Amino acid sequence: MPFKPSPNIGKNKAGVPLNLTPQYLIQHFDAAANATGAISWMLSPKSKVSAHLHIDREGNITQLVAFNRIAHHAGESEWRGLFGMNSRSIGIEIQNTGSQDYTAKQMDAVAEVSKLLVSYYNLKEVIGHEDVAPIRKNDPSGTKVNLFDWAGLLIVCGLAPSTKATTADLNIRRGQGTQFPVVTKIPKGDAVFELNRIGTWSKIQVVGSNQSGWVSNAYLTKAI
Ligand SMILES: [Zn+2]
């Protein structure tokens, strides 16, 4: 795949690039109308942003930052009590205006490269910008939190989510807590994949759809 080095990487005060030892993989959408614009933006020093990879709607992958360097994709971010996820993660920008379905070609490319990265770097989790900055960001799942097939991706990456059932009508929220807005409701008895669990909150995806979000895990059965 082509490598177009972005100048927007983590450096110390003397301008020496900082090393990255990735533990997580963070998925994004680029919110751009075309791949050329999104890639040019990440190559411009003005933007101060970058990602390790960009994947266009044809499934073409462009590398912008080496995997042992820090890309500027997550901004202010937190996951499992860890802050500043740029210094802990590889970031992938997937071409999508934010309201489109992902194409099969690009999701195949996302899955293939994610599987390789998880395996090679022994990454702990594959998560979204929406998970590490839920107040600011809704990528890659979008406003209705139904664009991205998390369960399908996790299964390909060998991070198979467990299957559970809801024991009550449940609110699906945008983030971990009742302070986050309800995106939709699902009825008692629905089958869900539990993608991630943090304390009393779980990110779930409704089986048979891409609808995902956070629920109180007091209302999920044990594995069925
Ligand atoms: Zn993002």
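The model is predicted: local features need pLDDT of at least 70, side-chain atom pairs count only at pLDDT 80 or more, and totals for chains, interfaces and linings use all residues. Residues are numbered from 1 along each chain as its sequence is written.

Along the principal axes, the C-alpha atoms of the protein chain fill a box of roughly 55 × 35 × 30 Å. The chain has 4 helices and 13 strands; these are DSSP runs numbered from the N terminus, with helices being H or I of at least four residues and strands E of at least two. Of the 224 residues, 42% count as buried. A residue is buried if 20 or more other C-beta atoms, placed from the backbone, lie within 10 Å of its own, exposed if 12 or fewer, and partly exposed in between. Two residues are in contact if their C-beta atoms, placed from the backbone, lie within 7 Å. Among contacts between residues at least 6 apart in sequence, 62% join residues at least 24 apart.

The domain assignment gives domain 1 (24-156) and domain 2 (162-219), the bounds coming from an automatic or database domain assignment. The C-alpha centres of the two domains lie 22 Å apart, and 15 residues of domain 1 are in contact with 15 residues of domain 2. On the side of domain 1 that touches domain 2, β7 and α4 (150-156) are the elements giving two or more residues, and α4 gives the most, with 3 residues.

An open sheet of 5 strands has the order β3-β2-β6-β1-β7, with mixed pairing; two strands pair if DSSP finds at least two bridges between them. Strands β3 and β7 (125-128) stand at the edges with a single partner strand each, so one side of each is left without a neighbour in the sheet. Within the sheet, β1 (residues 24-29) and β6 pair in the parallel sense over 6 bridges, and L25 has I90 in β6 as its bridge partner.

Helix α1 (residues 35-43) has A38, I39 and M42 buried. These residues cover an arc of only 95 degrees around the axis, which puts them on the same side of α1; the arc is that of the directions from the helix axis to the C-beta atoms. The face turned away from this buried side carries the exposed residues T36 and G37. Strands β2 (53-55), β3 (61-63) and β6 (89-94) are included in what covers the buried residues of α1.

In helix α2 (residues 104-121), S114 is buried, with 23 other C-beta atoms within 10 Å. Leaving aside neighbours within four places in sequence, S114 is in contact with L25, V126, L153 and C157. S114 and I90 are 24 residues apart in sequence and 9.8 Å apart in space, C-alpha to C-alpha.

Strand β12 (residues 201-206) runs antiparallel to β13, to which 5 bridges join it, and K203 stands opposite W214 in β13. The two strands form a hairpin with 5 residues between them, and G208 in the turn has a positive phi of about 90 degrees. Strand β13 (residues 212-216) is mostly covered, with 4 of its 5 residues buried.
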